[in-house]
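I opened the notebook today to look up aromatic rings and their surroundings. Here is the structure I worked from.

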Amino acid sequence: MMTKTLTLTATLALLAGMASAEEVRVYNWSDYIDEELLAKFEQETGIDLIYDVFDSNEMLQTKMLAGGSGYDVVVPTGTFLQRQIMAGAFQELDKSKLPNIDNMWDVISGRTATYDPGNAFSINYMWGTTGIGVNVPKVQEILGEDAPIGSLDLIFDPANMEKLAECGVYVLDAPTEMIPAALAYAGMDPDAKSQEALDKADEIFTAIRPYISKFHSSEYINALANGDICVAFGWSGDILQARDRAAEAENGVEVAYNAPSEGALMWFDQMAIPVDAPNPDAAHKFLNFIMDAQNMAAASNYVYYANGNKASQEFLAEDVIGDTAIYPDEAALEKLYTVTPWGPKEQRLLTRLWTKIKSGT
Ligand code: N2P
């Protein structure tokens, strides 16, 4: 009798234990957080955090439009978020569960409201620009002291690219960012989506295609840092992370990031909760944790991206808040542009063009 009672008690305890093993699944960009924060979230909440990474909006969008991703928190860029909201992919945030939302910065919330009116479905995680990463000594050795490291000429002028090909050039596998850059180089509206614009982008990429060694959206961090490549067209913070990795390795590689002088894309990555998230309550806890001023500052200090959290600013390192490549001043801001989403039909044409460009045929 006694034994049986104990067994039952033990069974109940076990079941209770299983029920309390709460989980939250987060799907974020690669190289986009200080992993110590993930451990801190688990310690503070007792919730198991499953953290997966991606490096392409298109990949995330496929999952969001199909549904059933199993994720509780995802991080699309504003333009993609907007289309996914319209497709019904997200649930409205319950702001009563997000007291730290008061920490958010009205300047950025004002801008993200363009993609998510009233910021009803998302909070800003990070924002940044898309631009040029170079191994300065290497590029100057090849193109001379006055190499145009801050200009789109570096990437899109075939005469430069032909020479740079010998030390390696990667560009993002992100058509919604690379096509606008080509259009900015041509002096056209970077947000144009007409056939004429696509043809122009095709022409520009076809001329430099033989000199691009890879289209990839995350490998360039290490490739730049260890000297495998000398140029990457990529994301601001990623290139600044490459700068640090190179400095730590003391390998003679000196990386610099520049937002192109002709104009750079400014984007906003937004945390949102899928409509079919298994654990929306834990998702809100994760969002609230991220919006804590010190947590958000720790994330930015680690990945070198600006964030949309005003209260975090007093905790930011000087080489983050004081760097106009991360927190642009008025003059830097004037050179940044934003873009609008591609509709379903336009997106198909864009994808077809991008596949053609990448294949080099
Ligand atoms: C992080 C890159 C995120 C920027 N590695 C893309 N929106």
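**Ground rules.** I am working with a predicted model, where local features need pLDDT of at least 70, side-chain atom pairs count only at pLDDT 80 or more, and totals for chains, interfaces and linings use all residues. Residues are numbered from 1 along each chain as its sequence is written, and side-chain values use heavy atoms, with hydrogens and water left out.

**Overall build.** I looked up the secondary structure and found 17 helices and 11 strands; these are DSSP runs numbered from the N terminus, helices being H or I with at least four residues and strands E with at least two. The C-alpha trace spans about 85 × 50 × 40 Å along its principal axes. Buried residues (under 20% relative accessible area, 1.4 Å probe, protein chains only) make up 53% of the 361 residues.

**Ring pairs.** How many aromatic pairs does a search of the whole structure find? I got 18, pairing rings of Phe, Tyr and Trp (its six-membered ring) if their centres lie within 6.5 Å; planes under 30 degrees apart count as stacked, over 60 as edge-to-face and the rest as tilted. I picked out Trp-267 and Tyr-305, a tilted pair with 5.6 Å centre to centre and 55 degrees between the planes. The two residues are 38 apart in the chain: Trp-267 belongs to strand 9 (residues 264-272), while Tyr-305 is in the loop between helix 14 (293-303) and strand 10 (306-307). Trp-267 counts as buried because its relative accessibility is 5%, and Tyr-305 does so at 2%. I also noted a cluster linked by ring pairs: Phe-156, Tyr-185, Phe-205, Phe-215, Phe-233 and Trp-354.

**Charges over rings.** My criterion was NZ of Lys or CZ of Arg within 6 Å of the ring centre and within 35 degrees of the ring normal. Lys-193 lies over the face of Trp-342, 5.1 Å from the ring centre. Arg-243 has its charged end over the ring of Tyr-304, 5.2 Å from the centre.

**Helix 14.** At the N-terminal end, Asp-292 is the cap, with a side-chain oxygen 3.0 Å from the backbone nitrogen of Gln-294. Which residues of helix 14 are buried? I listed Ala-293, Asn-295, Met-296, Ala-297, Ala-299, Ser-300 and Val-303. Their cover includes helix 2 (35-45), strand 4 (122-135) and helix 12 (236-249).

Conventions:
Buried < 20%, exposed > 50% of the residue type's maximum accessible area, 1.4 Å probe, protein only. Contact = heavy atoms within 4.5 Å. Polar contact = N/O pair within 3.5 Å; in protein donor to acceptor, adjacent residues only side chain to side chain.
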